[in-house]
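I want to keep a careful record of what I look up in this structure, one entry at a time.

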Amino acid sequence: MEQQKKTILSGVQPSGQLTIGNYLGALRNWDMLQDEYDCLYCVVDLHAITVRQNPAELRRRTLETLAIYIACGLDPQKNTLFVQSHVPAHAELSWVLGCYTMFGELSRMTQFKDKSLKNAQNVNAGLFTYPVLMAADILLYQADLVPVGIDQKQHIELARDIAERFNAAYSPTFTVPEPYMPKAGAKIMSLSEPEKKMSKSDDNPGAAIYLNDSRDDIIRKFKRAVTDSEMLIKYDTDRMGIANLMNIYSCFTGKDHSEIEREFDGKGYAEFKLAVGEACADGLKPIQEKFAMLLENKDELEKIMISGAERANYLARKTLSKVYRKVGFYQVKS
Ligand code: TYM
């Protein structure tokens, strides 16, 4: 009864090595939803070029990101996994939606402001219209839910506004999507500057735990994580270093904050950091093993990409032709 299922869409940019932020904020929740929903997950390579990419690396990371999706538990039989540039309707709808998005709205996007500061020498138009393309990703598939970390919430709110505006101007065309954010893990912070989010594009490799970091690296990075001098393992959002480590530990062990406080009552930061590192390394191990296995069979990954794009193209075309008809583009029967 596939038609009755609600639809989910989400994506990750292949713009760097994925971190535990991407995993805990997004990917980890995706596989929990695969039985209840019709799920589409794309590797958003069009978005990635808003920042300069090395072409060979972008190609490699696109394949690796697809492999990570599967290694994190997404079954390619149950989920539609595809690459954004394999479905031209994303770029096509993005143009149309851009004409229903205001300059002022895009200027208010915090990610645009942050990225413009970080890439001051390359504040390109794509960086500015990035959220419109993201709205197209979501609206093309009539997605009901979009599972993401907190940093993407503002973009989803804009996608909702664009959908509502278009629906009001014509007639109901798009499903208005809802964000879906995990209770724990929606915002994993940097290990070196805990007031900043952990990011795959951070210049300091010690700030993030990458999904393919070795056990030793993981434990070493947690050991060096910035905390404070209070020596108290108690959840307090004013002490982001410790709060972040507690969140990460909670995500990997399933223990809540008060259980963690009891477990480490009277114990030191060194012991706690080691426990966090071990829990994280243990949690990532099966993903790393599966990832390595999947990459040995590139043909199989490409087959998954092809069949994912086939279904995505079919669904996306249906929405796009509806949109073209509504806005008044001349259509001829071929
Ligand atoms: P991206 O590639 O930056 O991140 C992918 C997903 O990981 C989440 N995330 C985090 N969650 C918690 N803590 C963190 N430190 C952290 N860092 C990243 C993000 O919220 C995201 O869910 N614009 C999107 C990609 C995108 C998309 C879409 C997402 C393009 N089209 C359509 C959903 C639907 C992005 O840059 O994600």
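This is a predicted model: local features need pLDDT of at least 70, side-chain atom pairs count only at pLDDT 80 or more; totals for chains, interfaces and linings use all residues.

Entry 1, the ligand. Next I looked up D151, which has a polar side-chain atom 2.4 Å from an oxygen atom of the ligand. For Q152 I noted that an N or O atom in the side chain is 2.9 Å from a nitrogen atom of the ligand. I then asked myself which of the 26 residues around the ligand come nearest. My list for this reads Y130, D137, D151, I188 and K200, so that D137 and D151 from the notes above are both on it.

For the whole structure I wrote down a count of 20 salt bridges.

I looked up how the protein chain is divided, and I found domain 1 (7–180 + 297–327) and domain 2 (205–292). Taken over C-alpha atoms, the centres of domain 1 and domain 2 are separated by 30 Å. I noted that 13 residues of domain 1 are in contact with 14 residues of domain 2. About 1300 Å² is buried between domain 1 and domain 2, and carbon and sulfur atoms give 76% of this area. On the side of domain 1, Q17, I20 and A71 lose the most area to domain 2, and together they account for 40% of what that side buries.

Entry 4, across the interface. How many salt bridges does the rule find between domain 1 and domain 2? I wrote down 0, whereas 4 residue pairs are in polar contact between domain 1 and domain 2. Helix 1 (20–30) and helix 3 (55–71) each supply at least two residues of the side of domain 1 that touches domain 2, and the largest share, 5 residues, comes from helix 3. Sorting that side of domain 1 by class, I have 9 nonpolar, 2 polar and 2 charged residues.

Notes
Residues are numbered from 1 along each chain as its sequence is written. Side-chain values use heavy atoms; hydrogens and water are left out. Domain bounds come from an automatic or database domain assignment. Contact means heavy atoms within 4.5 Å. Buried area is the accessible area (1.4 Å probe) that two parts lose on being put together, summed over both. A salt bridge is a side-chain nitrogen of Lys or Arg within 4 Å of a carboxyl oxygen of Asp or Glu. A polar contact is a pair of N or O atoms within 3.5 Å; within protein, one must be able to donate a hydrogen and the other to accept it, and residues adjacent in sequence count only if both atoms are side-chain atoms. Helices (H or I, at least four residues) and strands (E, at least two) are DSSP runs, numbered from the N terminus. Ala, Val, Leu, Ile, Met, Phe, Trp, Tyr, Cys and Pro count as nonpolar, Asp, Glu, Lys and Arg as charged, and the others, Gly among them, as polar. A residue is near a molecule or strand if one of its heavy atoms lies within 4 Å of it.
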